Amino acid sequence: YQDYIKSSFPANALVRRSIVIIKRSENSRRYLAQHDDIVNIAGKLAGPLGMNVEEFKDDPVPGLNETMSMFHRAQVVISPHGAGLSNVMFCQSNTQVIEVLCNPAPNMCFQPLCQTVGLQYFALLSVRPMPCGPLYVDLHYFELLLEKVLSDRAGGEGVTRVGK
């Protein structure tokens, strides 16, 4: 996939400067209950770094080429637990993935995938223990984690910096 993506898309469409947030419809069992708050936090932190926020929505699901290029240009992926996270296979190495897991009984099946393709993985348990329904995060802790992830990216390889 990596070779196909690099040879099939214009280089300017693959510049790594985005935070991809997976938005699952509320008709699904697992979605980020605070999705809009998470998008706002990500936007506030991304702006000064010259980054943008992109939403990967499951209704309607984008085409394969759009999905591949979106995940390939991501520096960070934020997602509730669910099948949409399998798209991290299109990410470049060292992309950072933040997955919000069900609590209790988290299923960390995406952690080995991330490790296999060379991504950095962070797991957050939903702060509301319940059967895996809407997932909630401690927004203050989430913001601290994302600040840390982005500050690590700012000094890392493959990061597009805007300005000084």
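**Exercise 1. Is Cys 114 buried or exposed, and how far is its sulfur from the closest cysteine sulfur?**

Step 1. Cys 114 has 0% relative accessibility, so it counts as buried. Buried means under 20% relative accessible area, exposed over 50%, and partly exposed in between (1.4 Å probe, protein chains only).

Step 2. The closest cysteine sulfur belongs to Cys 91, 7.8 Å away, which is too far for a bond.

A note on the model. It is predicted: local features need pLDDT of at least 70, side-chain atom pairs count only at pLDDT 80 or more, and totals for chains, interfaces and linings use all residues. Residues are numbered from 1 along each chain as its sequence is written, and side-chain values use heavy atoms, with hydrogens and water left out.

**Exercise 2. Find which cysteines a disulfide joins, and work out its handedness.**

Step 1. Search the whole structure: one disulfide turns up. The criterion is a pair of cysteine sulfur atoms within 2.5 Å.

Step 2. The partners are Cys 102 and Cys 132, with S to S 1.4 Å.

Step 3. Check the torsion about the S-S bond. It is about -55°, so the disulfide is left-handed.

Step 4. Check burial. Cys 102 and Cys 132 are both buried.

Step 5. Turn to Cys 109. It is in no disulfide, and the nearest cysteine sulfur, in Cys 114, is 9.8 Å away. Cys 109 is partly exposed, at 41% relative accessible area.

**Exercise 3. Which residues does Asn 87 contact, beyond its neighbours within four places in sequence?**

Step 1. Asn 87 has 13% relative accessibility, so it counts as buried.

Step 2. List the contacts (heavy atoms within 4.5 Å). They are Phe 56, Thr 67 and Phe 71.
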